[in-house]
Amino acid sequence: MFPAARNAERFVERCRKELDLPVRILSGAEEARLGYLGATGGSGSAAVLDIGGGSAQLIVGGRGRSVDVGAVVVTEAHLHSDPPAESEIEAARKRVRKGLAPLFRSKPGELIGIGGTITTLLNDSGPVIPC
C-alpha cells in the first residue's frame, strides 16, 4: 500500500474504524513479492515490473527490491520543462538505469509488467491483452 504517503497511518485508522477491516501498510519488499506471486504464480524465470508513482518494484526469479524510480518521483525530480529538454530526459534515464541495473545481472526469460503505469502505457500504444 502507500508507505510513503504522509497521511498513511490516518488513512489506515479510518479504514479500520469505518470498514471494520484489518489493514496494514506493505513494505516495498512485500509489495514486490506479492506482485511477483500474482503475476507468475511463483514459478518461472520471469521478471515482473510494477512502476508506481513513488517507486518501482522489479522482481527477477522471485528476488527483487523496491527502488525510488517511480513515475511521479522521476518526473518531479528531472522533468521541469514542457516538453522536457533532452538533458532532463537523459537525467531521468540515468536515474532509472542506475536504480534498476543491479536487478538485471541475469537475463530473465520474459518481462511481465503489472500496475497502472504499465497499462496506461499500453493503452496509449495499442490494445491491451486481457489477463
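This is a predicted model: local features need pLDDT of at least 70, side-chain atom pairs count only at pLDDT 80 or more; totals for chains, interfaces and linings use all residues.
The buried residues of H1 are Ala-8, Val-12 and Cys-15. Viewed down the helix axis, these buried residues fall within an arc of 60°, so they line one face of H1. An α-helix has 3.6 residues a turn, so residues three or four places apart point the same way. The face turned away from the buried side of H1 carries exposed residues. These are Glu-9, Arg-10, Arg-14, Lys-17 and Glu-18.

Asp-20 follows H1. This residue is found in the loop between helix H1 (8–19) and helix H2 (28–40). Its phi is positive, about 55°, although Asp-20 is not a glycine. Asp-20 has a relative accessibility of 67% and therefore counts as exposed. Asp-82 and Pro-83 are joined by a cis peptide bond, with omega about 5°. Pro-83 lies in the loop between helix H3 (71–78) and helix H4 (86–100).

Four strands form an open sheet in the order S3-S2-S1-S4. The pairing is mixed. Strand S3 (63–67) and strand S4 (111–114) stand at the edges. Each has a single partner strand, so one side of each is left without a neighbour in the sheet. From one strand to the next, the twist averages 15°. Strand S2 (residues 56–60) and S3 run antiparallel and are joined by five bridges. Ala-56 has Val-67 in S3 as its bridge partner.

The largest nonpolar core has 13 residues. Those with the most contacts inside this core are Leu-49, Ile-51, Ala-56, Leu-58, Val-67, Val-69 and Leu-100. Strand S1 (47–51), S2 and H4 each supply at least two residues of the core. In soluble globular proteins, nonpolar side chains tend to be buried together. The bridge partners Ala-56 and Val-67 are both among the core residues with the most contacts.

Leaving aside residues up to four places away in sequence, Leu-49 touches Gln-57, Leu-58, Leu-111, Ile-112, Gly-113, Ile-114 and Ile-118. One of these, Leu-58, is also listed with Leu-49 among the core residues with the most contacts.

Note on methods:
Residues are numbered from 1 along each chain as its sequence is written. Side-chain values use heavy atoms; hydrogens and water are left out. Buried means under 20% relative accessible area, exposed over 50%, partly exposed in between (1.4 Å probe, protein chains only). Two strands pair if DSSP finds at least two bridges between them. Axes are lines fitted to C-alpha atoms, for helices over the stretch in contact, and angles run from 0 to 180 degrees between N-to-C directions. The arc is that of the directions from the helix axis to the C-beta atoms. A nonpolar core is a set of buried Ala, Val, Leu, Ile, Met, Phe, Trp, Tyr and Cys residues joined through side-chain atoms within 4.5 Å. Contact means heavy atoms within 4.5 Å.
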